[in-house]
Amino acid sequence: MNIRAAKYKDATEVALLIHLAIKDIAEKLTGEKEDQKIQIALAELFTTKGNRLSYENIAVAEEAGSVAGIIIAYSGSDAKRLDRPIINQLIKKTGNHSATLDKEADAGDFYLDTLSVHPVYQGQGIGTKLLSYFSEIAIKKGHEIISLNVAQNNYKARALYEKLGYQKKKQIIINEHPYDYMVKNLSNKPITYGIHSNGH
């Protein structure tokens, strides 16, 4: 298995994996209801620079020439800028000028927006390898705190994140569902809001 930066040619496979991972949030981001239309819209966002779902923010795990898994990650400080093109597209598509997206990431954190492994490849440790790659990228970019959100009823994912050193910071609401915002400290410095991690 090889983990690499996403390329244009990955658009269709990545769009499917994004949709599988974020489900109803994909409807919110695209303004579409039908699976095929959602995935076409996700692929369009993937091939467009400057938004959160752009190939610029995505790494893929490649297995035998297929995209087995993906991560989408970016600085929380960039989230507002990366959401603006998506909001503009929603306004254009729906005519709803009050369209907004939920704030998912805290400024300063390196944020894991999406982790998705194709069902065919699940149970092979690909998700864990992608999480390790996410940590490595964060360190290279100079971030000390990494973060992600996990649905409160996703006990399996939460157990994995806790095993890897993530701790709950707060609860947030995304698309009307409760999520736990979890963080991990990559340095040996204590996190100022009182959550401590062993780091590396």
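Let me start with a term: buried means under 20% relative accessible area, exposed means over 50%, and partly exposed lies in between, with a 1.4 Å probe and protein chains only. By that cut-off Arg-4 is buried, with a relative accessible area of 10%.

Some ground rules. This is a predicted model, in which local features need pLDDT of at least 70 and side-chain atom pairs count only at pLDDT 80 or more, while totals for chains, interfaces and linings use all residues. Residues are numbered from 1 along each chain as its sequence is written, and side-chain values use heavy atoms, with hydrogens and water left out.

Stay with Arg-4. What does Arg-4 form a salt bridge with? The partner is Asp-10, and the closest N and O atoms are 2.9 Å apart. I call a pair a salt bridge when a side-chain nitrogen of Lys or Arg is within 4 Å of a carboxyl oxygen of Asp or Glu. Asp-10 is buried too, at 1% relative accessibility. Salt bridges with shared partners tie Arg-4, Lys-9, Asp-10 and Glu-62 into one network.

How many salt bridges does a search of the whole structure find? It finds 16. Here is another one: Arg-52 pairs with Glu-104, the closest N and O atoms being 2.9 Å apart. This pair links distant parts of the chain, 52 residues apart. Arg-52 sits in the loop between H3 and E2, and Glu-104 in the loop between H4 and strand E4 (110-117). Those labels are DSSP runs numbered from the N terminus: helices are H or I with at least four residues, strands are E with at least two. Both Arg-52 and Glu-104 are buried. Next, Asp-78 and Arg-81 meet through their side chains at 3.7 Å, N to O. Asp-78 is partly exposed, at 28% relative accessible area.

On to helix H3, residues 35-46. The expected span of a helix is 1.5 Å times one less than its number of residues. With 12 residues, H3 should span 16 Å, and its end C-alpha atoms are 16 Å apart, which agrees. Its buried residues are Ile-38, Ala-41, Leu-42, Ala-43, Leu-45 and Phe-46. They pack against helix H1 (11-22), helix H2 (24-30), strand E2 (58-63) and helix H4 (79-94).

Now the nonpolar cores. A core is a set of buried Ala, Val, Leu, Ile, Met, Phe, Trp, Tyr and Cys residues joined through side-chain atoms within 4.5 Å. The largest has 40 residues, and Val-14, Ile-18, Ile-58 and Ile-70 touch the most other members. Leaving aside neighbours within four places in sequence, Ile-18 is in contact (heavy atoms within 4.5 Å) with Lys-23, Leu-42, Ile-58, Ile-70 and Ile-72. Apart from that core lies another, of 22 residues, including Ala-61, Leu-130, Ala-138 and Tyr-161.

Lys-184 is in strand E7 (residues 177-185). Lys-184 is buried yet has no salt bridge. The nearest side chain of opposite charge, Glu-136, is 10 Å away; Lys and Arg count as positive, Asp and Glu as negative, and His and the chain ends are not counted. The Lys-184 side chain does reach the backbone oxygen of Leu-164, at 2.7 Å.

Is Lys-103 buried or exposed? Lys-103 is exposed, at 60% relative accessible area. Lys-103 lies in the loop between H4 and E4. Its C-alpha atom is separated by 8.6 Å from that of Ile-172, 69 residues apart along the chain.

Conventions
A polar contact is a pair of N or O atoms within 3.5 Å; within protein, one must be able to donate a hydrogen and the other to accept it, and residues adjacent in sequence count only if both atoms are side-chain atoms.
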